[in-house]
Amino acid sequence: MAILATEEKVDFSKDVATLLRTGTAAAHDKAENSEGAGWLVRGELDREEYVRFLMMLYHVYEHLETALEKYSTHPVLAPTYNPTLFARTAALSSDISHFLQLPESSWLSHPIHTSLEASPPEAFTAYTARIRYLADTNPAGLLAHAYVRYLGDLSGGQFIKRRIIKAYNLDDDDDNHSGRGVAFYEFGKLGGEAGVATIGDIKKVKEWFRKGMCEGVGEDEACKAMILDEANVAFELNTGLFTTLRPPSRLPSSSVTPDIPFLGDPTSPVVSPTPSPAPIFVTPGPSPLQLLEKSKEDSPVEEKGTIPFSSFIAFILALCVAHFALTTGGFTGDSGWAKLESLFQWMTSTLFGATPSPSSSSQ
């Protein structure tokens, strides 16, 4: 299933919490970027399909928490065993009951559940079978599954909680309790304090769990390797669980699509047909010089950063004078005045289309 840690170069002198964080990164990315995870985190699953997913999780946790209780005194498991803080089975049952509007004692006979029992997806049965196998042969490996599930619920699960509330129109009456239907995503506080854990409380719970893992595993490198391998197996099993989800029957709406997808957005956007553009008719317009003159007339107050029209004309005149001076040898000597008068006549006829009289040029 997973790539064994013993097949790769791993520094087992590091504590188990660090090894798990770095050694499961690829498997974690694969799980969270799967198509089913995308539907879940964006709240796109049909209501009945979300209930079906909760039912599968219910049985996964039922097997896991039964095994953890059985081995609660196991030296590897004891430091992180805290059912009051972590147990999810009862919370899942409560959420399913709320969605189906049935007593908790009745939803097991609901058609969604009976259909799941009659034809369970292979990935679902593989998950529960793996937990039973560990409970019978290697209880210490259960720590890896507790790590993947509980810390995942404490982390990404908090984002999913907000999305589920919005997607399925669940109650959200106050800041401390989001109402029925999302008990699975709500945790208590360390020390048994009343109320639902805040972000700060959740951080403390995760730190406590990691510390407990390090205490339980200690410096046993063989145990570290086994836990790391099993954590990768757990991520693969969760990826498999996402593959059992049925595609949404409706297109996602903007109201349930996160601005920045928490687990990525693996779905392709639906492109609407683009209408043919209306024909564009081009008619002759004014010349650039006409536009320049028009802008001068319409804008008596010159804007900052623009060149006044008079300055533009002065600049052109200066260039003409410089050019004339260079080509004729300047305005010095006996013929200087005649040259200057010729320049004046040339510029006037070129720029204004008129030939000035000798009297006007001499004034």
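**Notebook: rings and a pocket**

I started with the rings: Tyr61, Phe86, Tyr150, Phe184, Tyr185, Trp208 and Phe209 make up one aromatic cluster. This is a predicted model, where local features need pLDDT of at least 70, side-chain atom pairs count only at pLDDT 80 or more, and totals for chains, interfaces and linings use all residues. Residues are numbered from 1 along each chain as its sequence is written, and side-chain values use heavy atoms, with hydrogens and water left out.

I then searched the whole structure and got 11 aromatic pairs (ring centres of Phe, Tyr or Trp, with its six-membered ring, within 6.5 Å; planes under 30 degrees apart are stacked, over 60 edge-to-face, the rest tilted). Phe99 and Tyr168 have ring centres 5.8 Å apart and planes at 80°, so I noted them as edge-to-face. Phe99 lies in helix H6 (residues 89-100) and Tyr168 in the loop between H10 and H11, so this pair ties together parts 69 residues apart in sequence (helices are DSSP runs of H or I, at least four residues, numbered from the N terminus). Phe99 is buried at 7% relative accessible area, and Tyr168 is buried at 5% (buried is under 20%, with a 1.4 Å probe and protein chains only).

Next I looked up Phe184 and Tyr185, an edge-to-face pair with 4.9 Å centre to centre and 65° between the planes. Both are buried.

I counted 31 lining residues, with His28, Val148, Leu151, Gly152 and Phe235 nearest its centre. H9 gives the most to this lining, six residues.

Technical notes: On a 1 Å grid over the protein atoms alone, a cavity is a set of points where a 1.4 Å probe fits but cannot get out, and a pocket is an open set with protein on both sides within 12 Å along at least five of seven lines; lining residues have an atom within 4 Å of a point. Helices (H or I, at least four residues) and strands (E, at least two) are DSSP runs, numbered from the N terminus. Buried means under 20% relative accessible area, exposed over 50%, partly exposed in between (1.4 Å probe, protein chains only).
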